[in-house]
Amino acid sequence: MNTSLDEIIGQIGLTKGAFFHHFSNKKELGFAIIDYWKQNLYEKWVMPLESSDDPLRDLYEVPRRIYGDYTMDDVAKGCPLANLATELSPLDEDLRLGVLGIYRMLEEGVASALRRGQELGTVRSDVDAILLARFYEDLMAGTRSVAKNTLDKGRIMGTIELFKDYLESQRV
């Protein structure tokens, strides 16, 4: 990892002693960041789908609710998962696999909700749950990354509204 420990502790306002009290090295800090975001994203994006009786509705409602409350500061920060993937994945194979674990957790959570919707008769039986889950993941991360670069929250909300129409086309 190219960022020095002094740069890291300078940014977060710790002493080296305090850093090493919590982490033995920068890689351990990377895993702590991955673990934090995995839990955070699970709570925001997967938990609401776990008991959903209408996953197509909730695949629209979850991002609409999350992004609807965003400030321009939130938009400027971009997608935390895309940021992790961009910054940590190229540095270390173990960190890349940790980030991949987050994508897989999100993918499986969405796919599971879609399969439940198929069982309940609300999602078409020919929908590939994994493929749609990946599309959802890519769409949300991508639109948030573009919004970060353009500083345009409207891009996020517009994409979500268009995605709603697509989701309705997957309904029985």
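The expected span of a helix is 1.5 Å times one less than its number of residues. Helices (H or I, at least four residues) and strands (E, at least two) are DSSP runs, numbered from the N terminus.

This is a predicted model, in which local features need pLDDT of at least 70 and side-chain atom pairs count only at pLDDT 80 or more, while totals for chains, interfaces and linings use all residues. Residues are numbered from 1 along each chain as its sequence is written, and side-chain values use heavy atoms, with hydrogens and water left out.

View 1. Along the sequence the pattern reads α-α-α-α-α-α-α-α-α. The C-alpha atoms fill a box of roughly 60 × 30 × 25 Å along the principal axes. Of the 172 residues, 38% are buried (buried means under 20% relative accessible area, exposed over 50%, partly exposed in between; 1.4 Å probe, protein chains only). Contact means heavy atoms within 4.5 Å. Among contacts between residues at least 6 apart in sequence, 65% join residues at least 24 apart.

**View 2. Helix H7 covers residues 93-120.** Its 28 residues should span 40 Å at 1.5 Å a residue, and its end C-alpha atoms are 40 Å apart, so the two agree. Asp-92 caps the N-terminal end of H7. A side-chain oxygen of Asp-92 lies 2.8 Å from the backbone nitrogen of Asp-94. After H7 comes Gly-121, with a positive phi near 85 degrees.

**View 3. Ser-89 sits in the loop between helix H6 (80-87) and H7.** Ser-89 counts as buried because its relative accessibility is 16%. Its side chain reaches the backbone oxygen of Ala-85 at 3.2 Å. This is a polar contact (a pair of N or O atoms within 3.5 Å; within protein, one must be able to donate a hydrogen and the other to accept it, and residues adjacent in sequence count only if both atoms are side-chain atoms). Not counting residues up to four places away in sequence, Ser-89 touches Leu-84, Arg-96 and Val-99.

**View 4. Phe-135 belongs to helix H8 (residues 129-150).** Phe-135 counts as partly exposed because its relative accessibility is 37%. Leaving aside neighbours within four places in sequence, Phe-135 is in contact with Phe-163 and Tyr-166. Lys-26 is 109 residues from Phe-135 in sequence. In space, Lys-26 and Phe-135 are 32 Å apart, C-alpha to C-alpha.
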